[in-house]
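Subject: Structure for your review

Dear colleague,

Please find the structure below, together with its sequence. A summary of the findings follows it.

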Number of protein chains: 4
Amino acid sequence: MSNEAPVFSAEIDASIQAVREDVARLHAELVRNGLVVWTGGNVSGRVPGADLFVIKPSGVSYDDLAPENMILCDLDGAVIAGTAGSERAPSSDTAAHAYVYRHMPTVGGVVHTHSTFAVAWAARGEEIPCVITAMADEFGGPIPVGPFAIIGDDSIGRGIVQTLSGHRSRAVLMQNHGPFTIGVDAKDAVKAAVMVEDVARTVHYAREAGPLIPIPQEAIDSLFHRYQNVYGQNSDARR
Amino acid sequence: MSNEAPVFSAEIDASIQAVREDVARLHAELVRNGLVVWTGGNVSGRVPGADLFVIKPSGVSYDDLAPENMILCDLDGAVIAGTAGSERAPSSDTAAHAYVYRHMPTVGGVVHTHSTFAVAWAARGEEIPCVITAMADEFGGPIPVGPFAIIGDDSIGRGIVQTLSGHRSRAVLMQNHGPFTIGVDAKDAVKAAVMVEDVARTVHYAREAGPLIPIPQEAIDSLFHRYQNVYGQNSDARR
Amino acid sequence: MSNEAPVFSAEIDASIQAVREDVARLHAELVRNGLVVWTGGNVSGRVPGADLFVIKPSGVSYDDLAPENMILCDLDGAVIAGTAGSERAPSSDTAAHAYVYRHMPTVGGVVHTHSTFAVAWAARGEEIPCVITAMADEFGGPIPVGPFAIIGDDSIGRGIVQTLSGHRSRAVLMQNHGPFTIGVDAKDAVKAAVMVEDVARTVHYAREAGPLIPIPQEAIDSLFHRYQNVYGQNSDARR
Amino acid sequence: MSNEAPVFSAEIDASIQAVREDVARLHAELVRNGLVVWTGGNVSGRVPGADLFVIKPSGVSYDDLAPENMILCDLDGAVIAGTAGSERAPSSDTAAHAYVYRHMPTVGGVVHTHSTFAVAWAARGEEIPCVITAMADEFGGPIPVGPFAIIGDDSIGRGIVQTLSGHRSRAVLMQNHGPFTIGVDAKDAVKAAVMVEDVARTVHYAREAGPLIPIPQEAIDSLFHRYQNVYGQNSDARR
């Protein structure tokens, strides 16, 4: 492997820099929303127009996450030698992120956390039922559970892709492990990580105290379609 | 619809500006009190002396909520063209706020959140029993549940008005959705949103661990009347 | 009632000023420890060497709590006219604080909050069993429950004094209402308010998940006596 | 006991100063991660190359924890007279820390807190089962419970050492008391204190809502070995 930095076009260079800044900044949202402790959790973003993505280094404090410390990888998860941050090891979940980017071409961002309530559902291998309208808006139904899989081969990435392909939900609870979320870009995937913990917590407390009232399927459909198309400041609602 | 700004009297102009500042600032209270995540939640305030109210734009980050970004609407929920912020879409809950202002003339503020414990009661369609004195003070009895209703027509606004008209409570838990609160002004409605989550959480934990002791009705009445009339620095206690 | 400020000795004046500063500052500890929302909660401190105490004004935001806004009262709870802050109404719990100072001469500070878990035990009228060593250290046994009593006469103050007189605990859970704590000074009472919520929360979660292991009475006694006499930087351990 | 400061080599002096800075700074992590209230909790760090460790003073506010206030002790827990901070009493848990340093030579840091969920498991005397992969990574299996022991002799230290010697876990839940954690240095022990509360909380919520799915032992083993050897920026993974 050469240690020389590859030469990108000025446009790709600018895209890389923009994604580095997004990914570095978005880690602070994980902290602000109480989704991570210590160095846990990771955000990545695809570089538009290139077979590349940017991800957090492994085991580094949240206080040290600057754009130039983010790590540029190809879609096999290999670090691009000679680029900023490439002297460090990327997140230990890099292979799972890479698998998702390779197999889901419309995904522009991936997030993984061990947020408390999402992990609690995952430890029971139980999907979160869709009983609140905010969940219908954001996920269009229940949050599904993915298979038990451990680091070492492609099984985590494969589990994410198999569970979320063709599913409305942008979040999957990997059994005994925790949530992975996807989005059109890194910010959208972070939003999904924030919202999946919010609904995991709310539905946990709701169900503890008695039976839940289901939402009729046609209301779930209606809320999901409106939210995806109308909510926010433009039709590209989730950005 | 003309794009020209309407001409208001200097007095109304000053009122609009004051409400813009209140509404923008009060959104920070939602964050500070942990009632909202991401761009969720909305506060509105009626403009005294005019058939107008000010509300938050849709899907905009809490860090970007300045007075000039708030949106001025008439009581049908239509944006007043040509005024500050009118290039943006108002909160997707604007129709519900407008319905309340049209049908409850003494209401000067409306707040909606998806705060965790209030939504948990709403997902079971269960009213919160009045078992703590702070709840008797603030709400004068149980927090009622409103009907299941989804965005698209007047059904949310109608559900709020039907539930709260003639009720002591300034908060309603809309089934499967979450709390809406009203008040004499935006600040009073925000206080009700803070307090409804506080009592929803406290009564949730209380009841989890065993039977609750009811408060006699005459004590609830006495606490409610004292608090509405005596508490605080003047008789206009809840402002 | 004269509106003229009384004349105190220079020594008492200095004590009043010191207690004003302590009481104002200590309210921030209630916020920092998550014990209060909005304008709830109140701290008072006795003025050493005088039949006076200092308490928070009623219904005022935590952001506005400066020493000169604190209110000086006599031991009947009457505001001392003409002194700083006396144009405002004192906390609506002033009568209860005054009753405690009149009847418990060694009490130098009183605190009242509606902190979540302490109120949850109070809504069931259930004392908190002493199953963790930190609770044995700080309170020497269970946290007792006081009678149901509402504002309007001396019944709250009487309930606090009857429950805590001769009891090791510096905290009482007033039924359906919430915790009142006492201490050698305002800071010590605030510490008790922080610790009672901490143990109320911990024992709540502990008991939810299965049977608790009791601590032998002789171990409780030993921990309590050591902590009161040895812990901290001097024998006056709880200051 | 002489009051004269001992003379250390320049190298040891530099080590002492570095450990003072680490220990003082790391207390802020206990606060930031919500593990302590008031003056509770303590961190200590061994001085490399000397039979000495640095620990927090007893009962001092977290706002006052500067390096020069930390206290230097020998491995019997005696304060080294004449050194910075030696005019104060060390943490009341100093004897337990000293016992661990004397009997576990590879331990470089010890932390004790009363964090909510870890104490809740301790009050039931129940070990935390290993049902989430983050726990397999960090602790290699369940978090064990240590015996009931109170301050006054070596019984706390002995209980920690007996429970953790030869155990994968760096955390022990002392019955009715709370967690003690160890590490290669003070930072590593603080990380263990953060993670033990995180898993105690997550597994508490998980189990409240239904049966947990166990993780196969060979998967636990695989995760533990990978994490100890590969995770982070070097082989010295937990530093």
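An unreviewed UniProt entry annotates residues 21–204 of chain A as "domain: Class II aldolase/adducin N-terminal"; UniProt positions are given in the numbering used here, feature names are shortened, and such annotations may be inferred rather than shown by experiment. This is a predicted model, in which local features need pLDDT of at least 70 and side-chain atom pairs count only at pLDDT 80 or more, while totals for chains, interfaces and linings use all residues. Residues are numbered from 1 along each chain as its sequence is written, chains are lettered from A and ligands numbered from 1 in the order in which they are written, and side-chain values use heavy atoms, with hydrogens and water left out.

Over residues 21–204, chain A is 36% helix and 16% strand, and the end C-alpha atoms lie 35 Å apart. Helices (H or I, at least four residues) and strands (E, at least two) are DSSP runs, numbered from the N terminus.

Regarding the interface of chain A and chain D, 29 residues of chain A are in contact with 33 residues of chain D (heavy atoms within 4.5 Å). About 2,600 Å² is buried between the two chains, and carbon and sulfur atoms give 61% of this area; buried area is the accessible area (1.4 Å probe) lost by two parts on being put together, summed over both.

Across this interface the rule finds 1 salt bridge, defined as a side-chain nitrogen of Lys or Arg within 4 Å of a carboxyl oxygen of Asp or Glu. The partners are Asp63(A) and Arg32(D), at 3.3 Å from N to O. On the side of chain A that touches chain D, helix H3 (116–124) and helix H6 (186–208) of chain A each supply at least two residues. H3(A) gives the most, with 6 residues.

As to symmetry, a rotation of 90 degrees with 0.0 Å of shift along its axis superposes chain A on chain D, with an RMSD of 0.0 Å (least squares on the C-alpha atoms of residues with pLDDT of at least 70 in both copies). The two copies are therefore related as by a four-fold rotation axis. In chain A, Glu208(A) has the C-alpha nearest the axis, 5.7 Å from it.

Over all chains, the whole structure holds 48 salt bridges. One of the salt bridges joins the side chains of Asp154(A) and Arg102(A), at 3.8 Å from N to O. This pair links distant parts of the chain, 52 residues apart: Asp154(A) sits in the loop between strand E5 (145–146) and helix H5 (155–164) of chain A, and Arg102(A) in helix H2 (residues 94–103) of chain A.

Yours sincerely
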